[in-house]
Amino acid sequence: MSRVYNFSAGPAVLPEEVLQQAADEMMDYQGSGMSVMEMSHRSKVYDKIIKDAEQDLRDLMNIPDNYKVLFLQGGASQQFAMIPMNLMKNKKAGYIVTGQWAKKAYQEAGIYGEAIKLASSEDKTFSYIPDCSDLDIPEDVDYVYICENNTIYGTKYKELPNTKGHTLVADVSSCFLSEPVDVTKYGVIYGGVQKNIGPAGVVIVIIREDLITEDTLPGTPTMLKYKIHADADSLYNTPPAYGIYICGKVFKWLKAQGGLAEMKKRNEEKAKVLYDFLDQSKLFKGTVVAKDRSLMNVPFVTGDADLDAKFVKEATEAGFVNLKGHRSVGGMRASIYNAMPKEGVEKLVEFMKKFEAENA
Ligand SMILES: *Cc1c(COP(=O)(O)O)cnc(C)c1O
């Protein structure tokens with residue numbers, strides 16, 4: 001077996017221990033005589049899997065009792081519609097546009113009501129987080145929406161926006177479980193799991209109970225009502241059962257590593273190795289304003305598209321894969337999620353140093 005250092009933005013690297021356990025349990029999950037893929041989601045065995053997953057997530061994030069945890073399908077993108085359909089009582093919401101995912105959510109909300117762009121960093125290719133300490137927010141918006149970590153551009157809110165009392169809704173797909181969070185500051189926290197938690201196909205929604213109501217926009221499909229899923233403990237219909245099982249294993253892995261405070265420490269150490277190198281390199285340059293840098297996604301360029309392509313090619317041959325930047329930014333991007341060991345980043349930096357020396 002040979003594993004590469006996988007810097008993919010998503011689907012992304014998972015802990016090897018988790019993959020190994022899943023392999024061990026593939027044919028016979030704990031004496032059930034079948035794979036988790038093959039069992040009824042209404043069975044006792046599966047009930048324990050999903051309940052344990054929820055409890056472990058609650059423990060990791062310190063989720064208060066007045067928040068529901070939902071395991072849903074449709075990816076993060078389906079939430080772009082589900083959020084306005086369920087939350088836009090006044091048909092008005094504020095969006096802070098800090099990248100493509102925030103922009104897509106903003107555009108989708110415009111289908112259902114008035115989506116107001118409260119701030120944007122599009123003027124400088126989304127390379128920074130706008131000042132959100134004193135935004136002009138209309139009184140009657142139903143919520144303020146952010147994408148907390150911008151996967152494509154590599155920026156992260158270091159401070160949450162001042163929503164002036166309005167409900168905060170956050171897409172945390174690419175920073176989920178990367179550091180401790182104060183759940184009480186949000187009305188909704190959600191994310192697709194394929195960036196930092198598990199296999200694509202699961203989206204986790206953590207939502208304050210008072211936001212879950214029957215009062216959805218007319219025409220909202222049953223499957224897109226939070227209440228339907230909340231009342232059924234995520235078992236209204238067949239959930240993405242195998243994916244949830246893997247997420248549960250990752251939660252246990254995170255607990256065993258020491259929880260989110262420990263992950264934050266490691267993620268900071270890891271990111272520092274790369275950013276410190278970029279800051280002194282004569283060839284490579286980070287693309288993001290230093291104070292807004294993400295710990296998870298690190299875009300960088302040489303300034304020469306041909307040299308970028310050469311770097312990506314040679315890195316791939318050396319076992320550092322998926323470093324090509326998003327097509328809208330170009331250059332490179334190293335995604336260094338929880339499951340990327342520090343060693344992987346150190347070796348990447350060694351490789352970059354060698355490339356720099358050879359191409360000076
Ligand atoms: C990847 C990503 C999405 C889209 O996720 P899908 O599950 O493919 O819909 C949305 N938001 C952020 C921040 C992402 O990183």
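Which domains does the domain assignment of the protein give? Two selections will show you: domain 1 is 16-256, and domain 2 is 258-359. Give each a colour of its own. Keep in mind as you go that this is a predicted model.

**Stop one: where the domains meet**

Now look at the contact itself: domain 1 brings 27 residues to it and domain 2 brings 25.

How big is an interface like that? The size is often given as the accessible area lost when the parts come together. Here the area buried between domain 1 and domain 2 comes to about 2,200 Å², with carbon and sulfur atoms giving 54% of it. To see where domain 1 loses the most area to domain 2, select Ile152, Gly154 and Ser178; together they make up 20% of what that side buries.

Next, what holds hands across the gap? Look for salt bridges between domain 1 and domain 2 and you'll come up with 0. Polar contacts are another story: 19 residue pairs make them across this interface.

Stay on the domain 1 side and highlight helix H2 (44-61), strand E7 (155-156) and helix H6 (241-257), the elements that give two or more residues to the side touching domain 2. H6 supplies the largest share, 4 residues. Colour this side by residue type and it splits into 13 nonpolar, 9 polar and 5 charged.

**Stop two: the ligand**

Start with Ala76, where a backbone N or O atom is 3.0 Å from an oxygen atom of the ligand. Move on to Ser77: one of its polar side-chain atoms sits 2.6 Å from a ligand oxygen. Finish at Lys195, whose side chain has an N or O atom 2.5 Å from an oxygen atom of the ligand.

**Stop three: a salt bridge in H2**

The structure holds 26 salt bridges. Zoom in on Arg58 and Glu54 for one of them, with N to O at 2.9 Å. Why does this pair sit about one helical turn apart? Because Arg58 and Glu54 are 4 residues apart in helix H2. As for the pairing, side chains of opposite charge can pair when their charged atoms come close.

Most residues other than glycine have a negative phi, and most peptide bonds are trans. Now for two exceptions.

Select Gly10 and Pro11: the peptide bond from one to the other is cis, with omega near -10 degrees. You'll find Pro11 in the loop between strand E1 (5-6) and helix H1 (16-24).

Then jump to Lys91, a residue other than glycine with a positive phi, near 55 degrees. Lys91 is in the loop between helix H3 (75-87) and strand E3 (92-97).

How values were computed: Residues are numbered from 1 along each chain as its sequence is written. This is a predicted model: local features need pLDDT of at least 70, side-chain atom pairs count only at pLDDT 80 or more; totals for chains, interfaces and linings use all residues. Side-chain values use heavy atoms; hydrogens and water are left out. Domain bounds come from an automatic or database domain assignment. Contact means heavy atoms within 4.5 Å. Buried area is the accessible area (1.4 Å probe) that two parts lose on being put together, summed over both. A salt bridge is a side-chain nitrogen of Lys or Arg within 4 Å of a carboxyl oxygen of Asp or Glu. A polar contact is a pair of N or O atoms within 3.5 Å; within protein, one must be able to donate a hydrogen and the other to accept it, and residues adjacent in sequence count only if both atoms are side-chain atoms. Ala, Val, Leu, Ile, Met, Phe, Trp, Tyr, Cys and Pro count as nonpolar, Asp, Glu, Lys and Arg as charged, and the others, Gly among them, as polar.
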